[in-house]
Amino acid sequence: MDEKSGEVLSQAMLAERVGWCADLVAGMVVALMGEHWNAGDVDALASGQDAGGQKLPSNAWMALRRLGWTVTAPEGVKVNDRIVRMAQEQAGRALRSAKWRADLTAGVVATWLADPLGRTPAQWAQVRAAVPGGGHLPSSIIKGRTRQVAKYRQECGRLPVDVFELEGTPRVARMLLLSACDGQQVTIERGEMDPGRALVRLQLPTRPDPAGYRDWTWVACPIALPPTVPASAVLHLPTLRIVQGTVRADLAYTHAVPKARHSGHTVALGVDWGLNTLLSAGAARLHQDQTITALGSGAQ
């Protein structure tokens, strides 16, 4: 519901307004990524220290501000500081994640061979030594990056200088990282009468190019919580995405759990990760006769 006009918004109308806000954020993320998608800036962010040697904040948007990496909305468009924070948070997370890929690419390029996919055990040891933490990397990760570099070499006639030349500026997702905001932009409360519901209130634009603060209004969005969220859990500000014309909320929560026992468990959860599927998991139960049976069909 739009709290200023009292109008009840349909799903399509809500998705449109969230989309307008996400587009404003994405535009600023593109600007930040384009300016700082290079080895020097990524290394500076990954170092964890500012120019004065002080430790950078853990929040990406705060770290970017400490480094002086700012961004503004397009001319004629008015957004508050929290919208800028979301853009800096999204860009900062992407830039931080690039450091690992940059080091991996540098190690693969530095140990390049005439037949990189036919490495001997000694050559495998060399490439692993050239990558930070390479001794614990699955071979499939190094092989995948090797194929990517080989494809670039085949198309361009030379090896890439670094990952920033190899990959190019990443695509920017349309989303709102509300965790970077405070109560002046968004609030969340669990329903008093129904703990299975929550209410998110946030400021959204009433037009795609808001010219002033009058073009922003508070919108109340009820959320149905899944039964896996305990009634006593503390809800955190979600991330909003638009999926097939509907606004979806990625909601994190915190709740206390009993201290785990060291022994005596009869149910175990096995989780594995891969390249095509991030995580695959399955549960198993140990019976008194020492047999083990699977529970359900697993999950991905």
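Trainee: Which residue forms a salt bridge with Arg17?

Mentor: In this predicted model, the partner of Arg17 is Asp2, and the closest N and O atoms of the two are 2.8 Å apart.

Trainee: What about Asp23, which residue does it pair with?

Mentor: Asp23 forms a salt bridge with Arg174, with 2.7 Å between the closest N and O atoms. Asp23 belongs to helix α1 and Arg174 to the loop between α7 (163-167) and β1 (175-177), so this pair ties together parts that are 151 residues apart in sequence.

Trainee: How accessible are those two, Arg174 and Asp23?

Mentor: Arg174 is partly exposed, with a relative accessible area of 41%, and Asp23 is partly exposed as well, with a value of 39%.

Trainee: Okay, switching to helix α4: how many residues apart are Glu89 and Arg93?

Mentor: They are four residues apart in helix α4 (residues 81-110), which means that about one helical turn separates them. Glu89 and Arg93 form a salt bridge too, and their closest N and O atoms are 2.8 Å apart.

Trainee: Is Glu89 buried or exposed, and what does Arg93 count as?

Mentor: Glu89 is buried, with a relative accessible area of 6%, whereas Arg93 counts as partly exposed at 40% relative accessibility.

Trainee: Which residues are linked in a network of salt bridges?

Mentor: That network links Arg65, Asp81, Arg82, Arg85 and Asp182. For the whole protein, the count comes to 17 salt bridges.

Trainee: How far apart are the mean positions of the positive and negative charges?

Mentor: There are 32 positive and 27 negative charges in the protein, and their mean positions are 5 Å apart.

Trainee: New topic, then: how many helices and strands are there?

Mentor: The protein has seven helices and 11 strands, and its C-alpha trace spans about 70 × 65 × 40 Å along the principal axes.

Trainee: What share of the residues is buried?

Mentor: Of the 300 residues in the protein, 36% are buried. As for the surface, the protein exposes about 17,400 Å², and carbon and sulfur atoms supply 53% of that area.

Conventions. Residues are numbered from 1 along each chain as its sequence is written. This is a predicted model: local features need pLDDT of at least 70, side-chain atom pairs count only at pLDDT 80 or more; totals for chains, interfaces and linings use all residues. Side-chain values use heavy atoms; hydrogens and water are left out. Helices (H or I, at least four residues) and strands (E, at least two) are DSSP runs, numbered from the N terminus. Buried means under 20% relative accessible area, exposed over 50%, partly exposed in between (1.4 Å probe, protein chains only). Accessible areas come from the Shrake-Rupley method with a 1.4 Å probe; for residues, only the protein chains shown count as cover. Lys and Arg count as positive and Asp and Glu as negative; His and the chain ends are not counted. The place of a charge is taken as NZ of Lys, CZ of Arg, CG of Asp or CD of Glu. A salt bridge is a side-chain nitrogen of Lys or Arg within 4 Å of a carboxyl oxygen of Asp or Glu.
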